[in-house]
Amino acid sequence: MTSVTDSSAGKKRATIWEVAELAGVSHQTVSRYLKDRNSLKPATRERVRQAVEELNYRPNLIARSMRTQRSNRIAVVLPELTNFVPIPVLKGASAAAHEAGYITDVVGLAGGETRRVEGVQSLLETHQAEGVLSFVPLADMGNWSDGVGKPVVIVGEYDDNMHSQGTLAAGEPAEHIIRHLADLGHRRFLHVAGSQDWASARNRRAVYVETVARLGLESYGVASGDWSVRSGYEAARDLPVNSGVTAVLAANDYVAMGVIRGFQDRGLKVPRDVSVFGWDDEQFTEYFSPTISTVHLDREALGRRAMQSLLGRIRGESAPEPGGSTPFHLVPRGSSGPAPR
């Protein structure tokens, strides 16, 4: 039995036959697992999975593409110029593609929707991709993609500028935050908003206002912000001493960090004197002092679901829609606690 040398690691790359031998199945079964693991019985699927992991098996995609005249690549489309890259979403999408034996290429396409369509057509016509997953809008492609036999899935979660919309922009978690803080005894709130150019900021603000009113609580008001640490700092710095605010809902974790620092510089203790809740569960929230209470949105699940939708279309299967709700949960940490007496 021969193995192919993996020059990047200086080790021999495991072969599909070695995986099959370890799992006690045929190499055709391993091939089926790589193409569509759900087509196998659970027990067989688990044996193959364990063998793949134990041998650190990676399909030789170059050899496969030479045999099949397929690129085994999927293009993920973003705008050419953007200050925001949805890393968790791309991570989920790439993981789903890799598990199915595909490589993902993140492609930045300049121009508006029509120009991006031209770029997508070029990717598919020149066999650079087996399918396209676009996280930005594309103009109507009609039946063009069907004509070349390669699918295009458009995920409606971002606009041309990669501002979140759709389920990622939903304001629903704001209600859960207010209810959570109300259960801790808080009655008077402040919201430091994000830029109103973003649907997500507008939705969070609207749900905050509606929830406070519906629950019979009090809102000191909404401070204008722009997603920055500075806007949170200034909102806390300028809050009158007699405002009566005991809890602040910040538009995101960066704003929350600024709010906390602003209160600290005034000699107030967080959360003894005032609680602060952020949004997005950025990594630094676990290491700031105090640790920042926040909302975790499962963006990886969104990316995985979108890629699975595209993979289903590539295989000619009945594919799920790429959208759907985005799972979330509150992550209470050190910046929030019971209302002061």
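A: Phe135 counts as buried, because its relative accessibility is 0%, where buried means under 20% relative accessible area, exposed over 50% and partly exposed in between, with a 1.4 Å probe and protein chains only. The model is a predicted one, in which local features need pLDDT of at least 70 and side-chain atom pairs count only at pLDDT 80 or more, while totals for chains, interfaces and linings use all residues. Residues are numbered from 1 along each chain as its sequence is written, and side-chain values use heavy atoms, with hydrogens and water left out.

Rings of Phe, Tyr and Trp (its six-membered ring) pair if their centres lie within 6.5 Å, and planes under 30 degrees apart count as stacked, over 60 as edge-to-face and the rest as tilted. By this rule there are three aromatic pairs. In one of them, the ring centres of Phe135 and Tyr158 are 6.4 Å apart and the planes stand at 75 degrees, so this pair is edge-to-face. Phe135 lies in the loop between strand 5 (131-134) and helix 7 (144-148), and Tyr158 in the loop between strand 6 (152-154) and helix 8 (172-183), so the pair ties together parts that are 23 residues apart in sequence; helices (H or I, at least four residues) and strands (E, at least two) are DSSP runs, numbered from the N terminus. Tyr158 is buried as well, with a relative accessible area of 2%.

Trp198 and Trp227 form another edge-to-face pair, with 5.6 Å from centre to centre and 75 degrees between the planes. Trp198 is in the loop between strand 7 (188-192) and helix 9 (199-214), and Trp227 in the loop between strand 8 (218-223) and helix 10 (229-238), 29 residues apart. Both Trp198 and Trp227 are buried.
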